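Dear colleague,

I am passing on the structure below, together with some notes on what was found in it. Please read the notes with the coordinates open beside you.

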Amino acid sequence: MTQGPVLIVGAGHAGFQVAASLRQHGFGERVCLINDEAHLPYQRPPLSKAYLKGEGRPDSLMFRPDKFYRDQNIELIADRAVSIDRTARKLKLASGSALDYGHLVLATGARNRLLDIPNARLEDVRYLRILDESEALRKRIGSGQRVVVIGAGFIGLEFAATARAKGLEVDVVELGTRVMARAVTAEISDYFQARHTAAGIRIHLGVQATSIEANGTDVSGVSLSDGRHIPADFVVVGVGVLPNVELAAEAGLPVASGIIVDEQLLTSDPDISAIGDCALFASPRFGGSLRLESVQNATDQARCVAARLTGDAKTYDGLPWFWSDQGDDKLQIAGLTTGYDQVVVRGDPAQRSFSAFCYKSGQLVGIESVNRASDHVFGRRILAVKGSIAPEQAADTAFDLKAALT
């Protein structure tokens, strides 16, 4: 059982869950949640989905109302962590105050990767990761406007689908040869590209935005590497994120493409853990180091750390899963499908209900499902126990997946 206060830097999914789980496990000492946003801790996935469509108020996104934190004796501190004194076990804040800790949890998350081309800092070049950015875009989008989306990943396509449904003219620019290429199989990419194209979204693959064109301070369009120019009233950028490792690095903790932690999510300092989007963790399940950007990973790692801090130390071995809502289609992914060498399609893309079962050396490693929740649930259950089914069974819709779980 950890002695002394637990300080948590970052109030996203990971940070909030650590605080809540500590109290659920009966931790009786001080718990402080350092939050550098001017909101109660909130859910992020709706920001590019339902909330952006105009559904709900900001308070509908909050994990819990203010009363929860008072009742649970969780101190919400509206400030920004600026440095760690590991010898004295103190966290210094931007306000100038310093807090003592018995254990420090870094849940610093990630930030948008910024576009580095001419005029990329104009007001109407927007990003979408935090509530204030979603709120600004919700007020900005209106029927008849023209928007160029740079990046055809999950966030870019989620925004594109919402904007098109609201009557905007939408162009998506992607350097890769297919949409979501780094995240999904070609079968899934092809389906979503066809669906977005049918909705009237123009997708430009294999080209790069080279500059934002402007009339004074007003965006007028985007120039591409192939010489074309796309008119636009504003631009939305979704070209990935960078983990927030600076606080850890400046304190002398090892970092790479994330804050390096072991199988129990501890840094090289036994008094400091790192979790969520910022953490590069040793994974016994996958036999290497991973940094994952998902709600599942953030919340499961938070629970793991809270359990360790209250006397129940275990190796983190969560099964990754993800989702993306794009228009009327829901994509759900169970497992990690990188490195697959065989894809088997179950269901019918033409009927808007199918899954891509991904295999590596004959072993099931992941399932990507479109509007097929039962396949996703099956995937999460069988992959959690490192089970598999034969490719021919996956392809046969008459085969009872539930039977494979018994």
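In what follows, contact means heavy atoms within 4.5 Å. This is a predicted model, in which local features need pLDDT of at least 70 and side-chain atom pairs count only at pLDDT 80 or more, while totals for chains, interfaces and linings use all residues. Residues are numbered from 1 along each chain as its sequence is written, and side-chain values use heavy atoms, with hydrogens and water left out.

I begin with the core. A nonpolar core is taken as a set of buried Ala, Val, Leu, Ile, Met, Phe, Trp, Tyr and Cys residues joined through side-chain atoms within 4.5 Å, where buried means under 20% relative accessible area (1.4 Å probe, protein chains only). The largest such core has 91 residues, of which Leu106 and Phe159 touch the most other members. Once neighbours within four places in sequence are set aside, the contacts of Leu106 include Val9, Ile84, Leu247, Ile259 and Cys278. A second, separate core numbers 19 residues, among them Ala120, Tyr127, Ile150 and Val222.

Next come the aromatic pairs (rings of Phe, Tyr and Trp, the last by its six-membered ring, with centres within 6.5 Å; planes under 30 degrees apart are stacked, over 60 edge-to-face and the rest tilted). The whole structure holds nine of them. Tyr191 and Phe354 have ring centres 5.2 Å apart and planes at 65°, so this pair is edge-to-face. It joins distant parts of the chain, since Tyr191 lies in helix 5 (residues 186-198) and Phe354 in strand 25 (residues 353-360), 163 residues apart; helices (H or I, at least four residues) and strands (E, at least two) are DSSP runs, numbered from the N terminus. Both Tyr191 and Phe354 are buried. Phe357 and Phe378 form a tilted pair, at 6.4 Å centre to centre and 35° between the planes, and these two residues are likewise buried. Ring pairs also link Phe16, Phe63, Phe68 and Tyr69 into a cluster.

Finally, there is a cavity to inspect, a cavity being a set of points on a 1 Å grid over the protein atoms alone where a 1.4 Å probe fits but cannot get out, with lining residues having an atom within 4 Å of a point. The search finds one cavity of 30 Å³ or more, the volume being the space filled by probe spheres set on the points, which are joined across faces, edges and corners. Its lining includes Phe281, Arg285, Tyr316 and Asp317.

Best wishes

Terms used. 1 Å grid on protein atoms, 1.4 Å probe; cavity = no way out; pocket = protein on both sides within 12 Å on 5 of 7 lines; lining within 4 Å. Buried < 20%, exposed > 50% of the residue type's maximum accessible area, 1.4 Å probe, protein only.
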